Amino acid sequence: MSSPTPKPRLGTHTMAGLEVPLRAGPELVDPDRIGEPGTMPFTRGIFADGYQGRLWTIRQYSGFGTAEDTNARYRFLLDQGQTGLSVALDLPTQCGYDPVDPMARPEVGKVGVSLSNLAEMEILFDGIDLGAISTSFTINGTAAIIYAMYLATADKLGVPREKLTGTIQNDILKEYVARGTWIFPVRPSMRLIADTILYANEATPRFNPISIAGAHVRDAGATAIEEMAYTLANGLAYVDELQRRGGDVARFARRLSFFFYVHQDFFEEVAKFRAGRRLWAKLLNERYGVTDEKALMFRFGVVCGGSSLVAPQPLNNIVRVTVETMAAVFGGAQSIFTCAYDEAFQIPTETSAEIALRTQQILAYESGIGRSVDALGGSYVVEHLTNQMEDGITEVMREIDDYGGVEKAIEDGWLQMRIAERALERKQKVDRGDTVIVGQNFFARDDGERGVGETFHVDPNAAARVVEKYERIRDTRDAVAAERTLAALGRAAANDDENLMPYLVDCCHAYVTVGEMVERMKAQWGEFQEPVRL
Amino acid sequence: MNTSTATTVDNGPTSTPLRGKRILVAKPGLDGHDIGAKVVALALRNAGAEVIYTGLRKSPQQIARVAVDEGVDAVGLSILSGSHLELVRQVVECLGAEDAADIAVFVGGTVPHEDHADLEALGVRGIYTSDQPLAEVIAALAAALA
């Protein structure tokens, strides 16, 4: 592959199109918009003591094959000093199909671990103290079910529910736009999300029942400005739904959390997080009258890597992840996941997963960049870009409001179309050489080096083992209890005033499978009809 | 099945090497990563092709049926979940069962090099990844369908 132009340029604008001043000066900085760390307007972070009080959580996304395979990887990562677990689930579990379903069969255990029922989760966390570790689940369409399964697992292990910490992603709106693991139509999905959040506020007060995510729309093509704007707009949609279902915003807002990608444009990323944090607090305060600062705190996790990683010359990805992790630290992230360098084309090997983990440990404990709170605060360029970013985000949110809100924009396919067009633009910029990717469109090697030597393979027998275990559970569980809890779930789904969570927990305890629960709810609610627009 | 045909997005210099070709862009299985499929669909349209996009979560049977009903010249399968070998095999079999083995099959997504030979043995005519320029993909398709 040849380079489109001989010489790359530095450029004068960020990836999202913000102009970067050649010489920024004090005239670009307004001290009132900056404030102090730990208090409104939160530009400088949500904690007065930054990372000195508590370092970000080092949390590596991991999961593949059977629960036994993944349990072994978790024990390895915890032994190496990882401080939180992040569960990757396979697509059948995410989309609500049991492993024996013909749609599910080719995907069992491929992009994550298969968890079709409580017995699998008991294996997944075998030997891991759920009261001492925080666990994050990237789960959306079936988030309520997986959360119920986690509660049932804790019950069986004798861990008090109030001790549980962690997160379920549980952000269905962005699934319709970018990630695609939707199941039900928008309205019942919003109800299910409100149910989990209101239930979790009581049952597991230290657990985050939602992580409103911009990461996936960003990876799909959105700019940094749009990533933050769509996410805040979705966040407000959840706040409205929770209020409709009787929630107290000052209470539930304390447990809303967020999730983003970090890409290569360093100052833009730092500015994105500072602007988003400031704007979220302002929106909750102005629109909903929230004054309790704990409820105004914008807590977020990040992924460093994703689509910014490329297959050619894959070791370069280690450098990319390092730069992105620094942006996350200067942006004040609460939890960081660093992708492995081979993640652009495979599930990481144990070696590459370890380097990703070490990258964070080196930045945390060797580099010293986390010693001072918001160390880039007051930088002319960073403060200027933060202001520009906030204005840009506000503008995009207004466009969504003008269209009729996020739910309408999604049901019509309008938002999806915007992202697709943006993705084409992004690709064209790379093809033209306006965006530089070292080793791919510039400085590429003629031999097209792509391999990394070591490749990871999911055990080819994993799916067969999963199916075998699944059949055994269905044969040996108490069939009467399974049918009784399922029937109760079906009745509760038909009644909009019920909270579904207790019914789902009962189903999990009875070893009802994910697919069975989903089918029962589908019978009541139907399925989302994707608006296919191009 | 709810499929779509597209509006035009400016794709720079106008050249239409795929004029007269009908191409189905499809997402088999449960993989929800559709942006690559959509970008390619838009680029193929800008290159002159008539493009039909299936949307997410289609079974191999559904894809083969649409390919036959729409009388397409080619099917592009987008798969990023690692299930490409199994899903491509199933789509090829379904096309055969529909007496449509002459429809060219292309694959895009996350496909390790070591799997290319197996896919080609199934009859796949081209395999593309996200780091390839769109112009290169279009040129390859135009040559294969000439």
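Tutor: Two strands count as paired if DSSP finds at least two bridges between them. With that in hand, let's look at strand β2 of chain A, residues 84–87, keeping in mind that this is a predicted model.

Start with its side chains. A:G84 and A:S86 point one way from the strand, while A:L85 and A:V87 point the other way. Whichever way they point, all four of these residues are buried. Being buried here means that 20 or more other C-beta atoms lie within 10 Å of the residue's own.

Now for the neighbours. Strands of a sheet pair through backbone hydrogen bonds, either parallel or antiparallel. Strand β1 of chain A, residues 57–62, runs parallel to β2(A) and is joined to it by 4 bridges. Within this pair, A:S86 is the bridge partner of A:Y61. To get from β1(A) to β2(A), the chain passes through helix α3 of chain A, residues 67–79, and this β-α-β crossover is right-handed. Strand β3 of chain A, residues 134–137, is also parallel to β2(A), again with 4 bridges between them. There, A:T135 in β3(A) stands opposite A:L85.

Let's step out to where the chains meet. Chain A brings 33 residues to the contact and chain B brings 36. On the side of chain A that touches chain B, the elements giving two or more residues are α4 (91–95) and α18 (414–432) of chain A. Of these, α18(A) gives the most, with 8 residues. Sorted by class, this side of chain A has 17 nonpolar, 7 polar and 9 charged residues.

Across in chain B, there is an open sheet of 5 strands with parallel pairing, in the order β2-β1-β3-β4-β5. Its edges are β2 (50–53) and β5 (126–128) of chain B; each has a single partner strand, so one side of each is left without a neighbour in the sheet. From one strand to the next, the twist averages 20°. B:I52 in β2(B) stands opposite B:L24. Helix α1 of chain B, residues 35–46, packs on this sheet and touches β1, β2, β3 (74–79) and β4 (104–109) of chain B. The direction of the helix makes about 160° with that of β2(B).

How values were computed
Residues numbered from 1 in each chain as written. Chains lettered and ligands numbered in written order. Predicted model: local features only at pLDDT ≥ 70, side-chain atom pairs only at ≥ 80, totals over all residues. Buried ≥ 20, exposed ≤ 12 C-beta atoms within 10 Å, placed from the backbone. Right-handed = clockwise from strand over helix to strand, strands pointing away. Contact = placed C-beta atoms within 7 Å. Nonpolar A, V, L, I, M, F, W, Y, C, P; charged D, E, K, R; others polar. Axes fitted to C-alpha atoms, helices over the stretch in contact; angles between N-to-C directions.
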